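User: I'd like to learn how to read helix packing and aromatic pairs in a model. Can you walk me through it?

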Amino acid sequence: MQVGMIGLGRMGAGMVRRLLQAGHGCVVHDRESGAMGALKQEGAASAASLAELVGRLKPPRILWLMLPAAAVEETLAALESLVTAGDILIDGGNSHHRDDLARAARLGPKGIHYVDVGVSGGVWGLKEGYCLMIGGEERVVRHLDPLFRSLSPGRGQVPRTPGRRDTGTAEQGYLHCGPAGAGHFVKMVHNGIEYGIMQAYAEGLNLLRHAGAGLESHTVDAETAPLARPGEYRYAFALDEIAELWRRGSVIRSWLLDLGAHALLEDPGLESSADRVSDSGEGRWVLQAAIDTAVPVPVLSAALYARFASRGEDGFSNRLLSALRREFGGHAAGHE
């Protein structure tokens, strides 16, 4: 099949390469000419503008956007005046499912098909394949199956779930989850779970890192709770070794743990990593959906709030707590 790819960042470029390797024709567009040049050398055609991109695709056209959520609407608006009835626009970024519903409703009467695809796999997707969570019209999704099959991991070495008999596409690593917005809704929840798992590993390994507190000297004053039973906390754990241990036979093994073990092996103290953790939006949307549907998600919410705290967003509240302790008890509240 022929596809036009807009956005050649870490995910988009890898997806183009995987499609090229599977024999698909790709025309690419990106604001950075260097990104296009590299892929052109590998067999893709390039287009300097959206108009040129659309012109180089054979109708009915397939245009796949791999852009930050904030850039999708502007790009779709520009494409609307260039595409024709029967063309397919795919948003593979992390858009809100609410936006998908509005776009599908807007484009449908013009005969333009809109498909939302939540893509997971990161920089490893080129080698391992991408997990694709798809929303849109069933007929259109079926037409795009060759692209999804080429991008996905396939069954590989993952054993079939005991008792599972059907041969649906989920086993191949891609799934039509439902109508417009369904793909991004599933991806939104996927990312919320990702936040929670990562936070659990981070907190657990941090506790192991502090398990030698009994070996350290501690301030003795009215402002510091003493360490109870310091003799019980005299361990010096090698975190890289423990992470490696957990990868093998443990019930908490996972690909995220694999990545954590590699990071700790390369940099045991994580000195090269910032202690500021970003969030790209999906974690917030998960909480809003949970509120709207009255579903408790305490782990997912705590993981998101931990990211806010890492960026110093709790600084004022901490200062207020310190000030209140000074006001009612005369406790020290100045800067150390």
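Predicted model: local features only at pLDDT ≥ 70, side-chain atom pairs only at ≥ 80, totals over all residues.

User: How do helix 12 and helix 13 pack, and at what angle?

Analyst: Two packed helices are described by the angle between their axes and the distance between the axes. Here, helix 12 (residues 282-293) and helix 13 (residues 298-310) pack at about 140 degrees, with axes 10 Å apart. Angles over 145 degrees would count as roughly antiparallel, so this pair is oblique. Helix 12 crosses helix 13 in a left-handed sense.

User: Which residues make the contact?

Analyst: On helix 12 they're Gly283, Arg284, Val286 and Leu287, and on helix 13 Leu300, Ser301, Leu304, Tyr305 and Phe308. By type, that contact has 6 nonpolar, 2 polar and 1 charged residues.

User: Is leucine 79 buried or exposed?

Analyst: Buried counts as under 20% relative accessible area. Leucine 79 comes out at 0%, so it's buried. This residue sits in helix 4 (residues 69-80), and beyond its neighbours within four places in sequence it touches Ile6, Leu50, Val54, Leu63, Leu65 and Leu89.

User: And how many aromatic pairs are there?

Analyst: There are 4. One is tryptophan 64 with phenylalanine 148, edge-to-face at 6.1 Å between centres and 75 degrees between planes. It joins strand 4 to helix 8, 84 residues apart. Phenylalanine 148 also pairs with tyrosine 174, tilted, at 6.3 Å and 45 degrees. Together, Trp64, Phe148 and Tyr174 form one aromatic cluster.

Notes:
Residues numbered from 1 in each chain as written. Heavy atoms only, no water. Axes fitted to C-alpha atoms, helices over the stretch in contact; angles between N-to-C directions. Helix = DSSP H or I, 4+ residues; strand = E, 2+ residues; numbered from the N terminus. Parallel < 35°, antiparallel > 145°, perpendicular 65-115°, else oblique. Left-handed = near helix turned anticlockwise from the far one by under 90°. Contact = heavy atoms within 4.5 Å. Nonpolar A, V, L, I, M, F, W, Y, C, P; charged D, E, K, R; others polar. Buried < 20%, exposed > 50% of the residue type's maximum accessible area, 1.4 Å probe, protein only. Phe/Tyr/Trp six-rings, centres within 6.5 Å; stacked < 30°, edge-to-face > 60°.
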